[in-house]
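Please look through the sequence and the three-dimensional model below before reading on.

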Amino acid sequence: MAVLSNLSMATISSCLTFYSLSIIFLLTCLVSSSFGELQRFEHPIKEGGSLNFLVVGDWGRKGLYNQSHVAHQMGKIGEKLDIEFVISTGDNFYDNGLTSPNDPLFEESFMNIYTAPSLQKKWYNVLGNHDYRGNVEAQLSPILQQLDSRWVCLRSYVLDADIVDFFFVDTTPFVDKYFTEPGEHTYDWSATSPRKSYIAKHLQEVQTALKESNAKWKIVVAHHPIRTAGHHRDTEELIEQLLPILEEWENGIRNKWRRFKSVEW
């Protein structure tokens, strides 16, 4: 099981990060192909089964804090690798998300920054804690897709790229400190209450989607890392609630592989 998170990735300057990943890992699972209740998107891949994409997080700063410089390099790498799409791990708009679908920040921090021809591909986004400080529904609004067809953002969903399934997980509501120590910040919890029910439903959806995926590789995408050596440290709430689901699924695959080997030999 691989987990892509904003804070677990290498940092370039002010936490603006990107990776180009030619997927080379993970486990196989032979099960059914339905996906529970999580919405599913399909993205075709190149002939031959290769897949190249970029991952970026903590980026929406009107081009400041080296955002424009990183965007330029992303454009060059994206052209070299002929990427299929871009994944964002959240904190899409600083400091406090978007105020509405008509917020000029969308144009100033996204449309006007990632202008390289190689980046004119779908952007699959997940929310971060800074996004929850604004109007969350604004980032989920179809109006943004009308403004820029690259934009795809839901709280949680599955991206089916043939050889790999990406499971986008909404981790901000899991973190206690945003509720107990919000400081001067106001978070938009309007669609996540009651919190315990929201988290329980979300975990069940992720568990079902993982179980029912028949992709060769599976990657979980989230804003908060489960474990990290970074200064934010581990996310204890995810260790307690999300990690067991991932470990349960992974152990199940390992056991199936052991049984297969014992029969084969």
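Is D91 buried or exposed? With a relative accessibility of 3%, D91 counts as buried, where buried means under 20% relative accessible area, exposed over 50% and partly exposed in between, with a 1.4 Å probe and protein chains only. This is a predicted model, in which local features need pLDDT of at least 70 and side-chain atom pairs count only at pLDDT 80 or more, while totals for chains, interfaces and linings use all residues. Residues are numbered from 1 along each chain as its sequence is written, and side-chain values use heavy atoms, with hydrogens and water left out.

D91 sits in the loop between β5 (85-88) and α2 (105-111), and Y94 also lies in the loop between β5 and α2; helices (H or I, at least four residues) and strands (E, at least two) are DSSP runs numbered from the N terminus. An unreviewed UniProt entry annotates D58, D91 and Y94 as "binding site". These residues span 37 residues in sequence, yet no two of their C-alpha atoms are more than 8.0 Å apart, so they gather at one spot. UniProt positions follow the numbering used here, feature names are shortened, and annotations may be inferred rather than shown by experiment.

Y94 counts as buried at 13% relative accessibility. Leaving aside residues up to four places away in sequence, Y94 is in contact (heavy atoms within 4.5 Å) with residues including D58, W59 and H130.

The unreviewed UniProt entry also places "binding site" at D91, N129 and H223. Although they span 133 residues in sequence, no two of their C-alpha atoms are more than 8.0 Å apart, so they gather at one spot. N129, in the loop between β6 (122-125) and α3 (136-140), is buried at 9% relative accessible area, and among the residues that N129 touches, not counting those up to four places away in sequence, are D91 and H223.
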